[in-house]
Amino acid sequence: MASRLGSLIARRLSSVQGSSAVAGEHAGGAKRWKILTFLVAVPGVLVCYANAFVLQDHHMKPDEFVPYEHLRLRSKRFPWGDGNHSLFHNKEMNPLPEGYEE
(Lines give C-alpha, C1' and ligand atoms only; values in the text may rest on other atoms or scores of the structure.)
Protein backbone atom coordinates (compact mmCIF):
# COMPACT_ATOMS: atom_id res chain seq x y z
CA MET A 1 0.00 0.00 0.00
CA ALA A 2 2.78 2.44 0.90
CA SER A 3 4.61 1.86 -2.37
CA ARG A 4 1.39 2.37 -4.26
CA LEU A 5 0.76 5.64 -2.41
CA GLY A 6 4.36 6.75 -3.06
CA SER A 7 4.08 6.08 -6.77
CA LEU A 8 0.74 7.92 -6.88
CA ILE A 9 2.27 10.99 -5.21
CA ALA A 10 5.27 10.86 -7.56
CA ARG A 11 2.98 10.66 -10.62
CA ARG A 12 0.85 13.56 -9.35
CA LEU A 13 3.88 15.74 -8.68
CA SER A 14 5.38 15.05 -12.11
CA SER A 15 2.03 15.72 -13.82
CA VAL A 16 1.62 19.04 -11.98
CA GLN A 17 5.13 20.13 -12.90
CA GLY A 18 4.70 19.14 -16.54
CA SER A 19 1.28 20.72 -17.02
CA SER A 20 2.21 24.34 -16.37
CA ALA A 21 1.61 26.93 -19.09
CA VAL A 22 5.32 27.37 -19.77
CA ALA A 23 6.22 23.72 -19.95
CA GLY A 24 7.67 21.97 -22.94
CA GLU A 25 9.23 23.88 -25.82
CA HIS A 26 8.17 27.28 -24.46
CA ALA A 27 9.84 26.92 -21.08
CA GLY A 28 12.17 29.76 -20.14
CA GLY A 29 10.63 32.35 -22.46
CA ALA A 30 10.39 35.05 -19.82
CA LYS A 31 13.99 34.47 -18.80
CA ARG A 32 15.10 34.72 -22.44
CA TRP A 33 13.31 38.06 -22.96
CA LYS A 34 14.68 39.42 -19.70
CA ILE A 35 18.21 38.57 -20.80
CA LEU A 36 17.60 40.07 -24.26
CA THR A 37 16.27 43.24 -22.67
CA PHE A 38 19.43 43.79 -20.68
CA LEU A 39 21.89 42.59 -23.34
CA VAL A 40 20.32 44.13 -26.47
CA ALA A 41 17.69 46.78 -25.68
CA VAL A 42 19.49 48.70 -22.93
CA PRO A 43 22.83 48.90 -24.80
CA GLY A 44 20.92 49.90 -27.94
CA VAL A 45 19.29 52.79 -26.11
CA LEU A 46 22.67 53.85 -24.71
CA VAL A 47 24.25 53.81 -28.18
CA CYS A 48 21.41 55.94 -29.57
CA TYR A 49 21.79 58.38 -26.66
CA ALA A 50 25.52 58.66 -27.26
CA ASN A 51 24.96 59.25 -30.98
CA ALA A 52 22.31 61.92 -30.41
CA PHE A 53 23.81 63.89 -27.55
CA VAL A 54 27.48 63.09 -27.11
CA LEU A 55 28.92 62.55 -30.58
CA GLN A 56 26.89 65.12 -32.51
CA ASP A 57 27.81 68.77 -32.82
CA HIS A 58 25.61 70.67 -30.37
CA HIS A 59 25.89 73.96 -32.22
CA MET A 60 23.93 73.23 -35.37
CA LYS A 61 23.62 76.19 -37.65
CA PRO A 62 20.44 76.68 -39.69
CA ASP A 63 20.60 76.58 -43.46
CA GLU A 64 20.86 79.82 -45.37
CA PHE A 65 17.42 81.33 -45.90
CA VAL A 66 16.03 81.00 -49.43
CA PRO A 67 12.60 82.64 -49.89
CA TYR A 68 10.83 79.90 -51.86
CA GLU A 69 7.27 80.87 -52.83
CA HIS A 70 5.73 77.50 -51.88
CA LEU A 71 7.07 77.45 -48.30
CA ARG A 72 5.83 79.32 -45.23
CA LEU A 73 2.53 80.39 -46.80
CA ARG A 74 0.21 82.29 -44.46
CA SER A 75 -3.38 82.34 -45.74
CA LYS A 76 -4.58 83.59 -42.35
CA ARG A 77 -2.91 84.66 -39.15
CA PHE A 78 -2.26 82.28 -36.28
CA PRO A 79 -4.73 82.84 -33.41
CA TRP A 80 -1.94 83.43 -30.85
CA GLY A 81 0.78 86.01 -30.41
CA ASP A 82 1.43 88.30 -33.34
CA GLY A 83 -0.12 85.80 -35.79
CA ASN A 84 3.10 85.21 -37.70
CA HIS A 85 4.82 82.71 -35.37
CA SER A 86 3.70 79.07 -35.21
CA LEU A 87 2.79 77.57 -31.84
CA PHE A 88 6.17 75.85 -31.38
CA HIS A 89 8.26 78.52 -33.07
CA ASN A 90 12.01 78.47 -32.49
CA LYS A 91 13.61 81.71 -33.63
CA GLU A 92 16.98 80.01 -34.14
CA MET A 93 15.74 77.21 -36.42
CA ASN A 94 12.35 78.29 -37.86
CA PRO A 95 12.37 81.20 -40.30
CA LEU A 96 9.44 83.53 -40.84
CA PRO A 97 8.27 84.27 -44.40
CA GLU A 98 10.70 87.21 -44.44
CA GLY A 99 13.69 85.25 -43.08
CA TYR A 100 15.29 84.34 -39.78
CA GLU A 101 14.79 86.57 -36.74
CA GLU A 102 17.87 88.33 -35.48
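The legends below describe close-up views of a predicted model.

**View 1. Overall content of the protein.** The protein contains two helices and zero strands (DSSP runs numbered from the N terminus, with H or I over at least four residues for helices and E over at least two for strands). Of its 102 residues, 6% count as buried (under 20% relative accessible area with a 1.4 Å probe, protein chains only; exposed means over 50%, and partly exposed lies in between). The accessible surface comes to about 9,500 Å², of which 62% belongs to carbon and sulfur atoms (Shrake-Rupley method with a 1.4 Å probe; for residues, only the protein chains shown count as cover).

**View 2. Helix α2, residues 29-54.** This helix has 26 residues and reaches 35 Å from its first C-alpha to its last, close to the 38 Å expected at 1.5 Å a residue (1.5 Å times one less than the number of residues). A bend of about 35 degrees occurs in α2 at Thr37 (the angle between axes fitted to the seven residues ending there and the seven starting there). Of the 26 residues of α2, the number buried is zero, so the helix lies largely in the open.

View 3. Trp33, Ile35, Leu36, Leu39 and Val40 form a nonpolar surface patch, with about 530 Å² of accessible area together. Leu39 lies in helix α2 and is exposed, with a relative accessible area of 61%.

**Notes.** Residues are numbered from 1 along each chain as its sequence is written, and side-chain values use heavy atoms, leaving out hydrogens and water. Local features need pLDDT of at least 70, side-chain atom pairs count only at pLDDT 80 or more, and totals for chains, interfaces and linings use all residues.

Notes:
Patch = residues over 30% accessible without salt bridge, like charges linked within 9 Å, V, L, I, M, F, W, Y side chains within 5 Å. Salt bridge = Lys/Arg side-chain N within 4 Å of Asp/Glu carboxyl O.
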